[in-house]
Amino acid sequence: MITFERVTKRYADGTVAVDALDLEVPAGKTMVLVGPSGCGKTTSLRMINRLVEPTEGRILVDGRDALRQDPVKLRRGIGYVIQQTGLFPHRTIEDNVATVPLLLGARRAAARGRARELLELVGLDPALGRRYPRQLSGGQQQRVGVARALAADPPVLLMDEPFSAVDPVVRASLQDELIRLQTELRKTVVLVTHDVEEAIKVGDQVALYRPHGTLAQVGEPEDLLGAPADDYVRDFVGFDRGIRRLSFFGTGDLDLDTSPVLAGDATVADAVSTGAPWVLVTADGGRPTGWVPRHRLDAAGSATALRDLAADHCEHTFTAGTDSLRAALDAAVLSPAGQAVAVDGAGKTAGVLGYEQIRAAIAARAADGARGKDR
Amino acid sequence: MSFFSWAWGWISNGANWRGPGDIPQQILAHLEYSGLALLIAVVVAVPLGVALGHSGRGSAVVTNLANAARAIPTLGLLILLTVLAGFSPLAWLLPLVVLGIPPVLVNAYEGVAGVDPDVKDAARGAGMTTRQQILRVEVPCAMPLILTGLRTSAVFVVATATIAAYVGLGGLGRFIVDGLASSQYGPVAGGALLVVGLAIAVLILFSVLSRVLVPAGLRGSERSE
């Protein structure tokens, strides 16, 4: 656990970077510090491992006052990841990862063995260990940066805009990787970003800064989206916060409609008898193959098998139970029938969901402040 | 006769390679003077440049010091020191050291000050002591520039060590000074050519040295992807 007690950083010229900050980072959770540039979020992070010295206040790391410890020892016990990776260009990947264990006196062979394990843990081929940083892509380098921070198995991990310098696709995969690692390792993570999407995606808790080093709101991501403290928070989290909030609403117990779902060997007559304006055709095994509108049914002979009318592929589906309502709404918007196709984990059609059911589900979940994060 | 034929006629004369004060002896003496001057320059300038580079301050100090040192005429200093101190080692050594310091100092400073700030931050954040940050990260990263400074200094010093002959010492300057005094153009041209050859040999030596001393990750040749 990390606790800030009325921590202030004032520079010699009088600029206040962080102003009487009180903040608690629960053990084993990810706390994201987010805010506009110059708001003091990075300064706050760097005061934890004393790369910046606070002017006033106390910072407790696992109950011990950071300011009363030897900064060198303190830093060896805290993992540190930065934006442009800061990998040592003259050392191999393996030796980069082994940095802190070697500083702590580990034998080189043991430290390198551990480094290879860590490369695997962060999703890299251990064979890359013999290469040099500049021979790796930006995304790979960032993974190495994370492995290096984890090498001595510190309980606390500080990440300063770790994913800002890579392209959006790589960024998303690194974020997923961090979430996966966190479920496995349960470190106390403090992550700084200026990207509210990232904060909401990876944070268990989000601390939103105002300019000049004070906090606007601290809470779970869905609290920031669902109950912003004021206009500043509302503006900062963005205009589509309503849609984004749907990411936190589950799809486990929806009333799925199965009446317009028909197998491929059913006939047009069967489809017409459902009375539905669109029917969903499935293949053997229940995989959805496509929507057929009523006017095409009317134009075909009543004995025609539905498989001859449907395409062979239905792109936009969501997985009931694991995907969020945001995915369900997305699938409905993209569907020609205006209905989302729900599949189970095996890809078998579970039913369909119209706008009206989605609206009802949103209302119900918003009302009981639904939990059930889809992680 | 041209410069090269004077030089070659003298160098290829076997008599000049035997006996007291022959070519091999003077080459050794020349290298000895140059080596000593360079060593002192390195001992003074590398730690100073690295320390100032690490602190990130003193950029003005380094620039002014280096420019001032460069402005001192080597031969003028030699004559001044001879007048003041007589024919002491100081008279020829100090001018060569003063000549050798600026390139080493400036490059060591620039090399260390110019290490990627993220790399420095990571070294500090990983819990390295100041000494470890300097020796394990900053100096290795600055090694290409440090070696460039050394090479430049070495060439300057080797090319200028002929001045030792003005104060009665040996080295390749001996042939030039004595040749001029006795109007023999063979040793003048030959000695000059040997100095050039020695300077080129020093360049080659440093390119070999940089292969050994520059960490593999910093060499430009094996960039992939």
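What follows is a short tour, from domains to rings to cysteines.

Keep in mind that this is a predicted model. Let's start with chain A, where the domain assignment gives domain 1, covering 2–244, and domain 2, covering 261–367. How far apart are the centres of these two domains of chain A? Taken over C-alpha atoms, they are separated by 43 Å.

Staying in chain A, have a look at a couple of rings with a charge over them. K9(A) places its charged end over the ring of Y11(A), at 5.0 Å from the ring's centre. Over the face of F88(A) you'll find R148(A), and here the distance to the ring centre is 4.8 Å.

Rings can also pair up with each other, and over all chains the structure has five aromatic pairs. One of them joins F3(B) and F4(B): the ring centres are 5.3 Å apart and the planes meet at 85°, which is over 60 degrees, so this pair counts as edge-to-face. Are these two residues buried or exposed? F3(B) is partly exposed, because its relative accessible area of 38% falls between the 20% and 50% cut-offs. F4(B) reaches 56%, which is over 50%, so F4(B) counts as exposed.

Last stop: the cysteines. A disulfide is a covalent bond between the sulfur atoms of two cysteines. How many are there over all chains? The count is zero, with sulfur atoms needing to be within 2.5 Å to qualify. As for individual cysteines, C39(A) has a relative accessible area of 0%, so C39(A) is buried. C141(B) comes in at 17%, which is under 20%, so C141(B) counts as buried too.

Note on methods. Residues are numbered from 1 along each chain as its sequence is written. Chains are lettered from A and ligands numbered from 1 in the order in which they are written. This is a predicted model: local features need pLDDT of at least 70, side-chain atom pairs count only at pLDDT 80 or more; totals for chains, interfaces and linings use all residues. Side-chain values use heavy atoms; hydrogens and water are left out. Rings of Phe, Tyr and Trp (its six-membered ring) pair if their centres lie within 6.5 Å; planes under 30 degrees apart count as stacked, over 60 as edge-to-face and the rest as tilted. Buried means under 20% relative accessible area, exposed over 50%, partly exposed in between (1.4 Å probe, protein chains only). A charge sits over a ring if NZ of Lys or CZ of Arg is within 6 Å of the ring centre and within 35 degrees of the ring normal. Domain bounds come from an automatic or database domain assignment.
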